[in-house]
Amino acid sequence: MSFELSLNQATTRPYTLPDTARAAADAGIRHLGLWVEPVLELGVPATVRLLEETGLRASSVCRVGFVVDKEGERLRTALDDVRRALDLSAAVGAPSLTFIAGALPAAPRDLRLAEARVRDALETLEAYARATGVRLALEPIHPLFVTSRSAVTTIRQALRIVADLPADTVGILLDAYATFWDPDLRDSVREAAERIAGYQVNDFALPLPGPENMNGRLLPGEGEIDLRALTRTVAEAGYRGPVEVEVFNDDLWAQPLETIVMRTVRAFERAVTVPLADAEAAVS
């Protein structure tokens, strides 16, 4: 089997959605990972027309949630934002909407309570997601960011949270940078199986930049993650959708759009397409 590349908008963040979509289409890319804010800036109807004109399909929409440290009116607002993003995702034809847990608050520092809050939020939203036909995809984030972005840091933790919710409306998003460090990674991916709503590839290397550590992500194959093994495990678990390249990197963003897109295409070929084909050939 082979995976198709999807260009996540984060990889071309300084450039507009129309420019990114046209550059992706010109490079032969067929899928685009969208973000809520650029879609709202362009407008949903205009985004739909852009996708039709370029022949691109939305592989996902990023990102909503951030519920762990919210209560009362702030939590209700966050949940309403998710519902609006589900409507947006349905309108642009995206099969999934990325859900981020939110930062572990200063008090209480209780990860199990944080998990319960995420689970309650997803349970509240599940019926609305089902009505829109869009799958909520809970994304574990690297533990570097547990107090700034997400109290959910492992696939197994995410699976525990969504265990009692319908798999067709609540799944898991796997990101290489976020999960490669986990000693239980291979078994966790296999356990995720039908829960896998999306797969994102990127790479990790030290030192991380400051002050924004997140912007140290690299293109696939430029760091230390064993993407060959991870991609093979994801394939064996049954995932067959597009694979997004999602990179946050100031040096990459400073380059011309066409250069970013071409580097992304080549990196995906080297780190995903060729190794997967070689692995299948070795088995056969």
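Me: Which residue stands opposite Leu 138 in β5?
Reply: Phe 99 does. Keep in mind that this is a predicted model.

Me: What makes β4 and β5 a pair?
Reply: Two strands pair if there are at least two bridges between them. Strand β4 (residues 96-100) and β5 are joined by four bridges, so by that cut-off they pair. The two strands run parallel.

Me: And which way do the residues of β5 point?
Reply: Strand β5 covers residues 135-138, with Arg 135 and Ala 137 pointing one way and Leu 136 and Leu 138 the other way. All of them are buried.

Me: How do you know that β7 and β8 pair?
Reply: By the bridges again: three of them join β7 to strand β8 (residues 243-245). The cut-off is at least two, so these strands count as paired. They run parallel, too.

Me: Now the helices. What are the angle and the distance between the axes of α1 and α3?
Reply: Helix α1 (residues 17-26) and helix α3 (residues 44-54) pack at about 15 degrees, and their axes are 10 Å apart. That makes α1 roughly parallel to α3, because angles under 35 degrees count as roughly parallel. The crossing of α1 past α3 is right-handed.

Me: Which residues meet there?
Reply: From α1 you have Leu 17, Pro 18, Ala 21, Arg 22 and Ala 25, and from α3 Thr 47, Leu 50, Glu 53 and Thr 54. The residues of this contact divide into five nonpolar, two polar and two charged.

Me: Why is α6 called largely enclosed?
Reply: Because six of the eight residues of helix α6 (residues 155-162) are buried. The buried ones are Ile 155, Gln 157, Ala 158, Leu 159, Ile 161 and Val 162. Their cover includes α5 (111-132), β5, β6 (170-175), α7 (176-179) and α8.

Me: Is Glu 194 buried or exposed, and how do you know?
Reply: Exposed: its relative accessibility is 62%, and the cut-off for that label is over 50%. Glu 194 sits in the loop between α8 (185-192) and β7 (196-201).

Me: What does Glu 194 contact?
Reply: Leaving aside its neighbours within four places in sequence, Glu 194 is in contact with Arg 135 and Ala 167. Also, the C-alpha atoms of Glu 194 and Gly 171 are separated by 7.9 Å, while the two residues are 23 apart along the chain.

Me: What makes the phi of Ala 193 worth a look?
Reply: It is near 40 degrees, a positive value in a residue other than glycine. Most residues other than glycine have a negative phi. Ala 193 is found in the loop between α8 and β7. With 28% relative accessibility, Ala 193 counts as partly exposed, because that label covers values between 20% and 50%.

Me: What about Phe 66, and why is Phe 66 called partly exposed?
Reply: Phe 66 also has a positive phi, near 55 degrees, and lies in the loop between β3 (57-65) and α4 (72-92). Its relative accessibility is 22%. Buried needs under 20%, so Phe 66 counts as partly exposed.

Me: Last one: where are cis peptide bonds found, and what are their omega values?
Reply: One joins Ala 107 and Pro 108, with omega about -5 degrees. Pro 108 is in the loop between β4 and α5. Another joins Leu 206 and Pro 207, with omega about 0 degrees. Pro 207 lies in the loop between β7 and α9 (227-236).

Notes
Residues are numbered from 1 along each chain as its sequence is written. This is a predicted model: local features need pLDDT of at least 70, side-chain atom pairs count only at pLDDT 80 or more; totals for chains, interfaces and linings use all residues. Side-chain values use heavy atoms; hydrogens and water are left out. Axes are lines fitted to C-alpha atoms, for helices over the stretch in contact, and angles run from 0 to 180 degrees between N-to-C directions. Angles under 35 degrees count as roughly parallel, over 145 as roughly antiparallel, 65 to 115 as roughly perpendicular and the rest as oblique. A crossing is left-handed if the near helix is turned anticlockwise from the far one by less than a right angle, and right-handed if clockwise. Contact means heavy atoms within 4.5 Å. Ala, Val, Leu, Ile, Met, Phe, Trp, Tyr, Cys and Pro count as nonpolar, Asp, Glu, Lys and Arg as charged, and the others, Gly among them, as polar. Buried means under 20% relative accessible area, exposed over 50%, partly exposed in between (1.4 Å probe, protein chains only).
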